[in-house]
Amino acid sequence: MHDIDQPDATTGEPAGIQPRETMRGLPRFVQPYLTWVTGVPLNGDKQLIPWSPAKAGLLGLVQMALGITLGAYALHPFTGWSVPLLALGWLLTSGGMRRLDVVVVHQTLHRMFTGSARADRIIGELITTFFWRSPYDDNRKEHLLHHAYPCSLKDGDTHYLLSTGMRPGMTRKEFRRYVWTALLSPKHHGRFFLGRMKSNFIGVEPRYRLAMSLAYFAGTAAFIGLTGWWVEWLVLWLVPVSVVFQSCTYLYTMTEHRWWLFGNAEKLSRDRRDLLTFGRFCGEPLPGHEVTGLERAAALTRWICRMLLVHSAYRMFVLVGDTVQHDLHHVMPSCDWANSPWIRSDDSAKRADRYNEVWGSLVDHLHAAGQVEGNRTGLPPTTEPTPWPESVPVTTGIVSVTADTGTTTSTRSRL
């Protein structure tokens, strides 16, 4: 990353020092945490602990185990503190599952986890069986289409988001209502979960994967029957692997790309494809020294609270692992992904034209990805988004625009 002034995405004027560089003067012992939560190391900083795929997988297992342990503690005995502890346990468990899914399984699809195609397949099949996710072959085929035609109608994620009612140009009020409707919708979650079950038990290929799913089902039923822990299984496993996991997946998917930037076209130049993905950096600049006295104390307190609660929670439960640098993955899919903060920092210094970024919280990333109220954060001033009425979903009739209100309807299932 550069510590020089960068042009503002909308005005073209200097925007100041990168938010991460404003934290340089903080004590050395907090810098590793700040690198983790923001996803960005300081310029010239040295990596203390090299990461590996095995460590990334182990971290997911540890986080999941901590969540289940906390949930079990909250259940026995059930007190007034049990509800908030259970909620935290669900988030931890789901966050660990997400690490194994969106980090480990994702890299097995690219055959970049162990370096062995056979070993990656085995790991991918095991994890997706335990979490009721799509079998390896189907998952890999769909994901490679995503890389070949990102944000197009050949991309399954595009269809998923269209089916939830997402569209560009919503006002903040409309977008907020849309997000909460999706997160709380039994129909959305039911359809999502049913699709996961079907992919594991109906028309499953290869046949060994169906055998794995049936064996896992039988083993789970036997375990519950022998122990009588059906309440514990429902509360500590089923809830986080279904509703919580799906909510985090939904939020992650929405922020993954600028889905509507170029009208969901299949054929784009390299420069335009690069703009579809951005570094989802978490955090905000440390209050400057121009703020003094009680005002500075209040600003620092607010900054600390937001870093510890807002941004850290986002990184723990939604934007896990190397997904902060998802733009690096699309530029260099075969890179040393376990150490992506430093890889991206080095490569962006050499090829700055291939990277762009949005700093802030989950809300900032949602607004940028969804073009809420025409949001252009992180985009070059010369970028011209495709008008929504001229996009492929509208011109093909998958989504129609009502001229007088600007609202949309879809031929696909809606919430």
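How much accessible surface does the protein chain have, and what share of it belongs to carbon and sulfur atoms? It comes to about 19500 Å², with 65% belonging to those atoms (areas are from the Shrake-Rupley method with a 1.4 Å probe).

A word on the model: it's predicted, so local features need pLDDT of at least 70 and side-chain atom pairs count only at pLDDT 80 or more, while totals for chains, interfaces and linings use all residues. Residues are numbered from 1 along each chain as its sequence is written, and side-chain values use heavy atoms, with hydrogens and water left out.

## Overall build

The protein chain holds 16 helices and four strands (DSSP runs: H or I of at least four residues for helices, E of at least two for strands). Its radius of gyration is 22 Å, close to the 22 Å that the globule rule gives for 415 residues, so the chain is as compact as a globular protein of that length (the radius is taken over C-alpha atoms, and the rule is 2.2 Å times the number of residues to the power 0.38). Along its principal axes, the C-alpha trace spans about 65 × 55 × 45 Å.

## Inside the protein

Buried residues (under 20% relative accessible area, 1.4 Å probe, protein chains only) make up 49% of the 415.

Leaving aside neighbours within four places in sequence, Tyr250 is in contact (heavy atoms within 4.5 Å) with residues including Tyr160, Tyr178 and His188.

Conventions: Buried < 20%, exposed > 50% of the residue type's maximum accessible area, 1.4 Å probe, protein only.
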